[in-house]
Amino acid sequence: MTTLYAFGDLALVLIASIGIEVLVASLFDIGDRGLAAVALVTLVTNPVLNLVVGQLIYGNYSNDYPRRSIALVIVAEVAVVLIEWGLLVWALRKTAGGPRKLLGLSVTMNAASFVGVPFIYVTVVMFLTNLWSLVARA
Amino acid sequence: MAHLAIVRRVLIPVVPVTAWLAALSVKPAIAAADGILLPGTILAQEPTTWVALTPVVLALTALGLYGLWKMSGDSRRMESVPECDATEGESVS
């Protein structure tokens, strides 16, 4: 059952991330190919990020947990920004703007998903939890 | 591309306001959920979860990389096509 929840966890975070990152990318005038590339880049990095961060941070509680987890999340996010930038430059070359524009896009969309995804995640999970308790009570 | 222009016009004011509201709401929501509802929390609960999810994650990564590789080839072809200055119906001389 936990594995089933974990698949749902992964899918929800992935869908929310793709949604937010594509929405933010649409502000950058990169065309439909660019938006498709953003969705694919998120598909590459997001599940790996969640799996690795999930294990490194939440799987290993210790006394320095808060400080270490913040540092790990920051390092992971910076790595994701750089990897996504590299993948976008590789996939789009100069058909959707230069490398500097794509770096700005990578920073902005990851900042937006960093803030937005936990909000969507918590909202959806709390909604489903409340719905489940209502159904169970009925 | 007109629909993208409309989306941009709507989103430019909406995104910062939403991000600000989200930043305000996340902390109380997590506190209300007793700190257990963070992305990745469920992933870390059991080693079997990690083992079961790894092939799925690798498959998704491979799928994304394949799509990007195809797109990279298309981009290379688009760049190699010489730009034409003539409008439709005119000949370049």
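Is Arg93(A) buried, partly exposed or exposed, and how many other C-beta atoms lie within 10 Å? The legends below take up this question and others for a predicted model.

**Figure 1. Arg93(A) in the loop between helix 3 and helix 4 of chain A.** This view shows Arg93(A) in the loop that joins helix 3 (65–92) to helix 4 (99–137) of chain A. Because 17 other C-beta atoms lie within 10 Å, Arg93(A) is partly exposed. The backbone deserves attention as well: phi of Arg93(A) is near 50°, a positive value in a residue other than glycine.

**Figure 2. Asp29(A) in the loop between helix 1 and helix 2 of chain A.** Asp29(A) is not a glycine, yet its phi is positive, at about 55°. The residue belongs to the loop between helix 1 and helix 2 of chain A. Asp29(A) has 14 C-beta neighbours inside 10 Å and therefore counts as partly exposed.

**Figure 3. The four helices of chain A.** Chain A contains four helices and zero strands, and from the N terminus on its elements follow the order α-α-α-α. Of its 138 residues, 38% count as buried. Among contacts in chain A between residues at least 6 apart in sequence, 71% join residues at least 24 apart. The mean pLDDT of chain A is 83, with 87% of residues at 70 or more. Within the chain, confidence is lowest in helix 1 (residues 2–25), where the mean is 82, and highest in helix 2 (residues 31–58), where the mean is 86.

**Figure 4. Helix 4 of chain A and its kink at Gly116(A).** How does the span of helix 4 of chain A agree with its 39 residues? At 1.5 Å a residue, helix 4 of chain A should span 57 Å. Its end C-alpha atoms are 55 Å apart, which agrees with that expectation. A kink of about 30° is found in this helix at Gly116(A), shortly before the proline Pro118(A).

**Figure 5. Arg33(A) and its contacts.** Arg33(A) is placed in helix 2 of chain A. Leaving aside neighbours within four places in sequence, Arg33(A) is in contact with Leu92(A), Thr95(A), Ala96(A) and Met71(B). One of these residues, Leu92(A), is 59 residues from Arg33(A) along the chain, and the C-alpha atoms of the two are separated by 8.1 Å.

**Figure 6. The largest nonpolar core, with residues from chain A and chain B.** This core has 36 residues. Those with the most contacts inside it are Ala37(A), Val41(A), Leu88(A), Ala91(A), Tyr121(A) and Leu68(B). At least two residues of the core come from each of helix 1, helix 2, helix 3 and helix 4 of chain A, and from helix 2 (47–80) of chain B. Helix 4 of chain A gives the most, with ten residues. In soluble globular proteins, nonpolar side chains tend to be buried together.

**Figure 7. Chain B and its two helices.** Chain B has two helices and zero strands. Of the 93 residues in this chain, 18% count as buried. Thr54(B) is found in helix 2 of chain B. This residue counts as partly exposed because it has 13 C-beta neighbours inside 10 Å. The C-alpha atoms of Thr54(B) and Arg76(B) are separated by 33 Å, and the two residues are 22 residues apart along the chain.

**Figure 8. Confidence in chain B and in the model.** The mean pLDDT of chain B is 67, and 34% of its residues reach 70 or more. Over residues 32–37 of chain B, pLDDT stays under 50. For this stretch, the model has eight contacts beyond four places in sequence. The model scores ipTM 0.85 and pTM 0.73.

Conventions:
Residues numbered from 1 in each chain as written. Chains lettered and ligands numbered in written order. Predicted model: local features only at pLDDT ≥ 70, side-chain atom pairs only at ≥ 80, totals over all residues. pLDDT = per-residue confidence, 0-100. Buried ≥ 20, exposed ≤ 12 C-beta atoms within 10 Å, placed from the backbone. Core = buried A, V, L, I, M, F, W, Y, C linked by C-beta atoms within 7 Å. Contact = placed C-beta atoms within 7 Å. Expected span 1.5 Å × (residues − 1). Bend = angle between axes of the 7 residues up to and from the residue.
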